[in-house]
Amino acid sequence: AATPRPQGHPLAACAEWPGAMAVDRWLSFGACLAIASVAGTSYAYGLISDTLKDRLDLTQSEVAVIAATGGTGLYLAVVAGLLINHWGPRGVVALGSGCALAGFGLIYLALLFRFK
């Protein structure tokens, strides 16, 4: 028997539908694909570091700081897991989206003023 979903759940109306579990799994699969599509950039950093140095006129120290920052972000995933356990995934994803938006905005501003 299917476990009834709480009233506010997006799929609460189809809780009794036999394919509800399949829908949940496909939603999770789609979310995983979306996240995985951008998760490998830190592993490919060695391929693009020389191009970054050449095109952005960076020193090796600056490129190393970029790599270290990316590596630190990878290891902080444990903190995200603890936050999800405490606040749930929606709040943490919203927080992470805000942080990503702020980070990419700062990168944009840094590049904008660097090339003026």
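Buried means under 20% relative accessible area, exposed means over 50%, and partly exposed lies in between, with a 1.4 Å probe and protein chains only.

## Basis of the model

This is a predicted model, in which local features need pLDDT of at least 70 and side-chain atom pairs count only at pLDDT 80 or more, while totals for chains, interfaces and linings use all residues. Residues are numbered from 1 along each chain as its sequence is written, and side-chain values use heavy atoms, with hydrogens and water left out.

## Overall build

The protein chain has five helices and zero strands. Its pattern along the sequence is α-α-α-α-α. Helices (H or I, at least four residues) and strands (E, at least two) are DSSP runs, numbered from the N terminus.

The protein chain has 116 residues, and 12% of them count as buried. Its accessible surface comes to about 9,300 Å². Carbon and sulfur atoms hold 71% of that surface. Accessible areas come from the Shrake-Rupley method with a 1.4 Å probe; for residues, only the protein chains shown count as cover.

Contact means heavy atoms within 4.5 Å. Among contacts with a separation of 6 or more, 25% join residues 24 or more positions apart.

## Helix α2

Helix α2 covers residues 45–56 and includes Asp-54. Asp-54 counts as exposed because its relative accessibility is 62%. Lys-53 also sits in helix α2. Its relative accessible area is 25%, so Lys-53 is partly exposed. Beyond its neighbours within four places in sequence, Lys-53 touches Leu-58, Thr-59, Gln-60 and Val-63. Lys-53 and Val-63 are ten residues apart in sequence, and 6.9 Å separates their C-alpha atoms.

Leu-56 is in helix α2 too. Leu-56 is buried because its relative accessible area is 18%. Leu-56 and Arg-114 lie 58 residues apart in sequence, but 8.8 Å apart in space, C-alpha to C-alpha.

## Surface patches

Patches are made of residues with over 30% relative accessible area and no salt bridge; like charges are joined within 9 Å, nonpolar side chains (Val, Leu, Ile, Met, Phe, Trp, Tyr) within 5 Å. A salt bridge is a side-chain nitrogen of Lys or Arg within 4 Å of a carboxyl oxygen of Asp or Glu. Asp-50, Asp-54, Asp-57 and Glu-62 form a negative patch. Asp and Glu count as negative, Lys and Arg as positive; His and the chain ends are not counted. A charge is placed at NZ of Lys, CZ of Arg, CG of Asp or CD of Glu.

A nonpolar patch is made by Leu-106, Tyr-108, Leu-109, Leu-112 and Phe-113, with about 540 Å² of accessible area together. Tyr-108 belongs to helix α5, residues 89–114. At 54% relative accessibility, Tyr-108 is exposed.
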